[in-house]
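Here is a structure to walk through together, one question at a time.

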Amino acid sequence: MIRAVMVMNTQGKPRLAKFYDYMPVEKQQELIRSVFGVLCSRAENVSNFVEANSIFGPDTQLVYKHYATLYFVFVFDSSENELAMLDLIQVFVETLDKCFRNVCELDIVFNFSKMHMVLNEIIFGGQVLETSSSEVMKAVEEITKLEKASNAISLVPKSVSSWQS
Amino acid sequence: MESLFQRSLDDLIKAIRLQMIGESNFISKALEEIRKELKSTDLQTKSTALEKLIYLNSLYSIDMCFASFHVVEVMSCSKFSYKRIGYLAASQSFHENTDVLLLITNQLRKDLNSSNEFEVSLALECLSIIATHDLSRDLTHEIFTLLSSSKVFVKKKAIGVILRIFSKYPDSVKLVFKRLVENLEGGGSGGGDQQVMAAVIGVFCELTAKDSKSYLPLAPEFYRILVDSKNNWVLIKVLKIFSKLGSLEPRLAKRIVDPICEHMRRTTAKSLLFECIRTVVTCLTDYETAVKLAVEKIREFLIDEDSNLKYLGLKALSILGSKQLWTVVENKEAVIKSLSDADPNIRQESLHLVMVMVSEDNVTDISRVLLNYALKSDPQFCNEILGSILSTCSKNDYEVIVDFDWYVSLLGEMSRNPHCQKGVEIEQQLVDIGQRVKEVRHELVHVARDLLIDPALLGNPFLHRILSAAAWVSGEYVEFSKNPLELIEALLQPRTNLLPPLIRAVYIHSAFKVLVFCLHSFFVRKHVTSSSLEGLAQGMCDHDSEREFPEGPALERRDCSSTSFDCEQDEEFKPRSQNRTGEELATENGGESLFAFGQVSLSTSFAEDPFNHESIVGLIDLIKTALSPLSGSDEVEVQDRARNVLGLIELIQRETDGWLIQKEDSFKGEKLKAFKMIEILHGAFSEKIGPVLRTSQERVPVPEGLILNDNLSDLDSICGDILSPPTGVFSMGNRLFGENYGNSSLDLQKKEESEPSTESTSLLAQHRKRHGLYYLPAEKSESMSNDYPPPNDLQSTADIDDGAQDLLKITDQSLSSKRKPKHSKPRPVVVKLDERDEKPVSSVKPLKDSEHDELSGAVRNILLGEEDTSASSLTKPSDKSKGKRRVKELSSKSESQPKDKLGDAPPEFGSSSSRRSKHRSRGKEREKSPKNNDENIEGSNQKDKRKSHQQSRNRTRHRADLPLNVVAETPVIPDFLL
């Protein structure tokens, strides 16, 4: 089972954090920090796996991928295949790429809820449910459509005040 | 209207990004805003506020418990976009103890029954993370309905949520399990089915990981998927399931070997290939062809450019290595090359594998190579290397070590590695070896001396524990020392003030022992040489005195003449005598007399040591100068030890008042008493210390009236910072001073070993003394100047190989060297303790929470319970569950089961005699063969074929509709469960 998914930038700022077992926020923060501590000490071009027993308890590993300014991290236990997890990160990133057309860190910063939407289609309660990015895209598009439809009734656009800041 | 001026999430993010400093200030302001907005009656405002709050909660660790009621409100909005925010918030922030959970049951039910599949999916997603026992119980029925949904999108999620439901509410198994199993059969056709299949297999993979036994009856279904499925994700999960089941049921393992090998040969997906390899190395190691194929594939991984594959290859190899060493040896080249890989993962795995290859024959070479390699590595890996050498060599009471002299000097060398941080381990081993291996003590003392005498080592705090062991060793086994005087100097050198007080106390105590030894030797010599003391000699070992006697007269003459301090010849003496207790000394030093050593070999080892009046007087002066300042030390241990030594010296001097300047007559009389005292002390120290079992304390009966369970928890809080579990185990062989002293000194010793190294400021120490409490953590003082250069004799001790090539070459040689080692001496006896008693006191029971027991119980009931009933009453038509095809299948399977396997089983298993008679001949033949088929693999192929024919014949009578491979497969399973 997948225990957690994290996306963070190379400065250690979290961009997405999803834990499939409930964790108090302080614990989450601590975990993210220790994962970053491990990742930033690793050189380029080394293997993508890290034993995570000391961070997440026995029988856990994490796999990460480094894209530009971002780390994508999946934490999982022995019920998952390491290489498959690596592929799954690829699926996730591919889907995001389709979603935002050439995804970059800013997209991820400003599309917090869409990130969750995409992730929820791929991983469900810690289990891999969908591995084809086109299927995920289909679902995400449908959901977005539905949201737009439900918002259309609203008279005031949601972010009319954005000029203020 | 208020929403017009509300910040949206985007605004919030932008604003946060603009905050260069004072981000937390800004966030707390934003949080104030959100709190207000949440109270708004406008749903738009509320949901936007909640969205912002989720964001802050998730990425800025802001607690959002306060908003849980608003979460429920937003969840129940009819508008999808709000609802989605509400559900996201719920899955992120709700947990078992959230009180509003009670309120969402109906909302969840409503959404689960919604006609909009995305609303259903929201509810399922949320449930998969936050479902509790109550929620699971109340919503099982809805999930059950959704399991047969026509929409794949919903169905797969409904399957996914089952895992959580089962674990929270095991009773749901009764309702849901059959439908879940039905989904296992849907695979093979159509993309949608594949998704569902993947989900189901995923669920079963998790279930079997927790409790594999219960799912054995489903093996036929899994087997079919293993053979038929083309989806790598599904295959990986099935393999995971089989690696669990295969280790439970050897005959099942036999079944799956072929398909797995087939996948290994055919697949191009590395992930699947690796999963096949892992399955083979974990549970199919008995099948040579499979292992060979796996090793072949592992080798491909090892030489791959991709470091991920290399790492995984090494990992697989290390699983295999513990069972089949040849596989590692075959790949040793790649393994050793990986030792110098840039990737720390790979290095670590290969180090592990190298250590697997260690044996009696090559331990010397490998350790040498690794030690040289450690010198060039970064500190972390260096310590990993040292750690694995230490743990490998000490395994099973130093099983692989033949030449202990070598090993002890290796330990000494390790200590001088500049990165060495393995002080605790090395300390433990030095002491342990000293206790266990008698023959090595000579070399041990030599190594200890080299460590003690080097002032540079004192500056490295990581070595302090090792130095402590060295000090202990040299005090304990001082009779092997070539030059005890030098030892005393080393033990009392000024730089010992760099040591933490507890280790310093060990130093001083060791000096005490050395001093006693010196004085004793000196007195014995005196005694032997002065004829007037002959009366005393009756208590002495005859041969000792006899041996000494020839020289006696000459020396005596010198003694008489030399009232001055220069009788050089006096150094020749032999210690040995028994004497009765001098009460005074015994009480004063009883608590101190922890250590003992055998003095049997004394006479031989100490024949020509330079002792004389001058050196003894010098020695005493040295000790007095070094320790006098410490008698006022703030550290209790140091002060105590120092005073003991000084007290002894004072006593001796008083007794022998002016012995150095007086004539022989007075010398005789006065010295007698001092001699006696030293005799006693020496006797106390000269008893053996051996290793002690960890459990031996438990065997000591508790004295009556002592309540061990008295509340000592408050003591804990007081001593918590100074007492930690002792690292070494020492015994007290203290016959002279009885148990009381033994106990107290044991405590003392333990404390000594375990107290953290501290040097407190005098203020703190005074404070502590006054209160007698230790409730402030002692602080480490780094204030001592460390002006000595770091130890730099590394170059001299090791020829450093540059480059991995050399390393490879050397290790290669050492590995391939088949020569029988010619040990110059036989392996010394290593004292071992009764292994039976060494089991850990609290044997760890397999962790199984009651919840899970419940779950597996429920699953077994479904899968087996009905079989049992149907199997016992064959005539009954399969009961109640007529509508469920699946159950019929299961029970019919089990009906046929006992018959099929009668031949296999011992007669008492048989239930139907008519059936048995039919198979009598076959049955007899089978009875001879062991039940476990894999034990005779050779002949089994043919037999197996026959068997499956037989079974399929039987089976076709019962169920013509099952595919052949499933038929062939089934007998394996329920047999095991009967």
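Q: In which hand does α25(B) pass α26(B)?
A: This is a predicted model, in which local features need pLDDT of at least 70 and side-chain atom pairs count only at pLDDT 80 or more, while totals for chains, interfaces and linings use all residues; side-chain values use heavy atoms, with hydrogens and water left out. Residues are numbered from 1 along each chain as its sequence is written, and chains are lettered from A and ligands numbered from 1 in the order in which they are written. A crossing is left-handed if the near helix is turned anticlockwise from the far one by less than a right angle, and right-handed if clockwise. On that basis, the crossing of α25(B) past α26(B) is left-handed.

Q: How are α25(B) and α26(B) oriented to each other?
A: The axes of α25 (residues 441–453) and α26 (residues 464–476) of chain B come within 9 Å and cross at roughly 130 degrees. Axes are lines fitted to C-alpha atoms, for helices over the stretch in contact, with angles running from 0 to 180 degrees between N-to-C directions. Angles under 35 degrees count as roughly parallel, over 145 as roughly antiparallel, 65 to 115 as roughly perpendicular and the rest as oblique. The two helices α25(B) and α26(B) are therefore oblique.

Q: How many nonpolar residues are in the contact of α25(B) with α26(B)?
A: From α25(B), B:L444, B:V445, B:A448, B:L451 and B:L452 meet a set in α26(B) that includes B:I466, B:L467 and B:S474, contact meaning heavy atoms within 4.5 Å. Ala, Val, Leu, Ile, Met, Phe, Trp, Tyr, Cys and Pro count as nonpolar, Asp, Glu, Lys and Arg as charged, and the others, Gly among them, as polar. The contact of α25(B) with α26(B) has no charged residues, one polar, and a nonpolar count of 10.

Q: How many charged residues does the contact of α3(A) with α15(B) have?
A: Here the axes of α3 (residues 82–100) of chain A and α15 (residues 270–283) of chain B come within 8 Å and cross at roughly 160 degrees. That makes α3(A) roughly antiparallel to α15(B). The contact is made by A:E82, A:L83, A:A84 and A:D87 of α3(A) with B:K270, B:S271, B:F274 and B:R278 of α15(B). By class, the contact of α3(A) with α15(B) has three nonpolar residues, one polar, and a charged count of four.

Q: Is B:D397 buried or exposed?
A: B:D397 is found in helix α22 (residues 379–398) of chain B, and has a positive phi of about 55 degrees although it is not a glycine. Buried means under 20% relative accessible area, exposed over 50%, and partly exposed in between (1.4 Å probe, protein chains only). With a relative accessible area of 15%, B:D397 is therefore buried.

Q: Is A:N45 buried or exposed?
A: A:N45 is not a glycine either, yet has a positive phi of about 60 degrees. The loop between α1 (25–40) and β3 (49–51) of chain A holds A:N45. Its relative accessibility is 74%, so A:N45 counts as exposed.

Q: How far apart in space are B:I16 and B:F26, C-alpha to C-alpha?
A: B:I16 is found in helix α1 (residues 9–18) of chain B, and at 2% relative accessibility counts as buried. Leaving out residues up to four places away in sequence, B:I16 touches several residues, including B:E23, B:F26 and B:Y60. B:I16 and B:F26 are 10 residues apart in sequence, and their C-alpha distance is 7.3 Å.

Methods: Helices (H or I, at least four residues) and strands (E, at least two) are DSSP runs, numbered from the N terminus.
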